[in-house]
Amino acid sequence: AGLHGFTAPGFALWALSDSEGAYGAGCAENLGDPGEAAATALEAAMHEAERPGEMPDLVLIHSTPGQEEAVLRVLDEAFGGNVPVVGGSAADDALANGWQCFAGRRAATKGVAVAVLFASGEITYHCQSGYLPSEHSGIVTAARGRVVSSIDGRPPAEVYDAWSGGAIATARGAGGGDIMSATTLQPLGVELGTIAGSRPMEVPYY
């Protein structure tokens, strides 16, 4: 895979050597339905790997923020939850909606890239979110999709600001402001369980 430039000069390269394996990648723009974009990208990746209908050993995804759940649903339906999926959300330098993803010669400013790996060797993996719970907790009492509008019956910004020690106090003021930078390392999440005594979290809310 490779890339040279989008709106500004740039270059990215990812290489893998496995003469006995099969690999493919696809990218699709989200034209209103992120699930459809994911299905299109997946179909392109499987076609490039020349392994249609088979189960890859691993799927890599790279999605612009806001559509990750829809992408995962499509992959889960395609493979019945039997294929590990790893990856993340696209990012930019200034958290200004300038994120992009690509695969081969295709790129998308709002979309998803999918790669399928049919490896000749064994693939192993380990994943933990990187977040640990604080002593604070509450119940989401109103939400729509990934947007939380109430925690314990209170405005979520008010609750979050108290839990985080005032991380978004400035943005809550009269002038408003961006909260992404201030909240990235302190996300709201759902505790999943324990691994080796630690308590990893899932982070479904933004």
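**Entry 1: overall make-up**

How many helices and strands does the secondary structure of the chain come to? I count four helices and 12 strands. I note that this is a predicted model. The chain has 206 residues, and 30% of them count as buried. I then looked at contacts between residues at least 6 apart in sequence. Of these, 62% join residues at least 24 apart.

**Entry 2: cysteines**

Next I checked for disulfides. A disulfide is a covalent bond between the sulfur atoms of two cysteines. My count comes to zero.

**Entry 3: helices α1 and α2**

I moved on to a helix pair. Two packed helices are described by the angle between their axes and the distance between the axes. Helix α1 covers residues 34–49, and helix α2 covers residues 68–79. Their axes come within 8 Å. The crossing angle is roughly 50°, and α1 and α2 are therefore oblique to each other. I record the crossing of α1 past α2 as right-handed.

Which residues meet here? On the α1 side I list P34, G35, A38, A39, L42 and M46. On the α2 side they meet A70, V71, V74, L75, A78 and F79. I sorted the residues of this contact by type: 11 are nonpolar, one is polar and none is charged.

**Entry 4: I123**

Where is I123 found? I find I123 in the loop between β8 (111–118) and β9 (140–144). Its relative accessibility is 27%, so I123 counts as partly exposed.

What does I123 touch? I left aside its neighbours within four places in sequence. That gives contacts with D57, L58 and L117. I followed up on L58. I123 and L58 are 65 residues apart in sequence. In space, their C-alpha atoms are 7.8 Å apart.

Conventions
Residues are numbered from 1 along each chain as its sequence is written. This is a predicted model: local features need pLDDT of at least 70, side-chain atom pairs count only at pLDDT 80 or more; totals for chains, interfaces and linings use all residues. Side-chain values use heavy atoms; hydrogens and water are left out. A disulfide is a pair of cysteine sulfur atoms within 2.5 Å. Axes are lines fitted to C-alpha atoms, for helices over the stretch in contact, and angles run from 0 to 180 degrees between N-to-C directions. Helices (H or I, at least four residues) and strands (E, at least two) are DSSP runs, numbered from the N terminus. Angles under 35 degrees count as roughly parallel, over 145 as roughly antiparallel, 65 to 115 as roughly perpendicular and the rest as oblique. A crossing is left-handed if the near helix is turned anticlockwise from the far one by less than a right angle, and right-handed if clockwise. Contact means heavy atoms within 4.5 Å. Ala, Val, Leu, Ile, Met, Phe, Trp, Tyr, Cys and Pro count as nonpolar, Asp, Glu, Lys and Arg as charged, and the others, Gly among them, as polar. Buried means under 20% relative accessible area, exposed over 50%, partly exposed in between (1.4 Å probe, protein chains only).
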